[in-house]
Amino acid sequence: ACRRANRAMTDDVGRVLPEGTGPPSTIPGPIFAAAVDTFVAGQRLDMRSLARRVGVARATLYRRAGNREQLLDQVLWWRARLLLADQVRASAHLIGTDRLTAVIAGVLRGIGADRPVRMFLESDPETALRVMTGTSSTVHQGMAAVLENLIDLERGRGAFDASLDTPTLAFAIIRVADGFLYSDVIADRAPGIDRATTVIEALLVGLDRRSASL
């Protein structure tokens with residue numbers, strides 16, 4: 001029974017996050033590891049310093065890893081995938097709106113407590129917001145795709161039946177989350193993760209035809 005439960009949790013992660021949690025295959029391992037170490041240490045990711053650290057010419061670094069913003073995007077998306085996988089596993093005992101709310105709340109709390117992310121926001125807010133909330137960023141597109149997959153997983157199991165299409169619902173949730181999570185940078189207000197969770201839960205429950213019929 002325990003093995004079955006573990007397999008179910010793993011299956012859910014695979015369905016929600018088909019990309020998995022490994023580092024990006026497009027960037028050489030030593031370069032990516034050095035970039036992650038720099039970011040986690042709260043230091044500015046400087047491409048000249050990174051090139052020296054891994055022993056390649058700066059032109060070679062750009063060719064293999066992209067520019068600074070592209071590399072930061074991959075670092076943040078990898079770290080986000082680890083967080084997302086953890087929350088999908090942790091919520092495996094829940095269904096429907098309860099599960100969706102638990103995953104979203106867990107991710108928001110994880111990002112809110114992530115010191116390197118907060119340091120990035122404080123030291124370079126424009127780049128940080130572009131990477132984490134810009135519509136063309138891997139982080140934003142990846143988060144939206146994972147949320148869509150999770151919504152559709154619960155829909156497919158008959159546990160959630162929103163009166164709104166999945167991409168629109170996922171987009172709305174992410175924009176609400178961003179607005180509260182990064183409100184200190186966007187609107188000079190203290191971040192409000194609990195408030196974000198309350199609003200998102202109300203949105204999910206309000207749109208769920210199953211909740212309305214109970």
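Trainee: How much space lies in the second largest pocket?
Mentor: About 160 Å³ lies in the second largest pocket, a pocket being an open set of points on a 1 Å grid over the protein atoms alone, where a 1.4 Å probe fits, with protein on both sides within 12 Å along at least five of seven lines. This is a predicted model, in which local features need pLDDT of at least 70 and side-chain atom pairs pLDDT 80 or more, while totals for linings use all residues. Residues are numbered from 1 along each chain, and side-chain values use heavy atoms, without hydrogens and water.

Trainee: Which residues line the second largest pocket?
Mentor: The lining (residues with an atom within 4 Å of a point) consists of Phe39, Gly42, Gln43, Arg44, Leu45, Arg68, Leu72, Pro116, Met119, Phe120, Ser123 and Asp124.

Trainee: Switching over, what volume does the largest pocket have?
Mentor: The largest pocket has a volume of about 490 Å³ and is lined by 28 residues, with Ala80, Leu83, Val107, Ile111 and Met143 nearest its centre.

Trainee: Which elements give two or more residues to that lining?
Mentor: They are helices H5 (68-90), H6 (96-112), H9 (138-156) and H10 (166-181), and H5 gives the most, with seven residues.

Trainee: How do the two linings divide by residue type?
Mentor: In the largest pocket there are 23 nonpolar, two polar and three charged residues, whereas the lining of the second largest pocket has six nonpolar, three polar and three charged.

Key:
Points joined across faces, edges and corners; volume = space filled by probe spheres on them. Helix = DSSP H or I, 4+ residues; strand = E, 2+ residues; numbered from the N terminus. Nonpolar A, V, L, I, M, F, W, Y, C, P; charged D, E, K, R; others polar.
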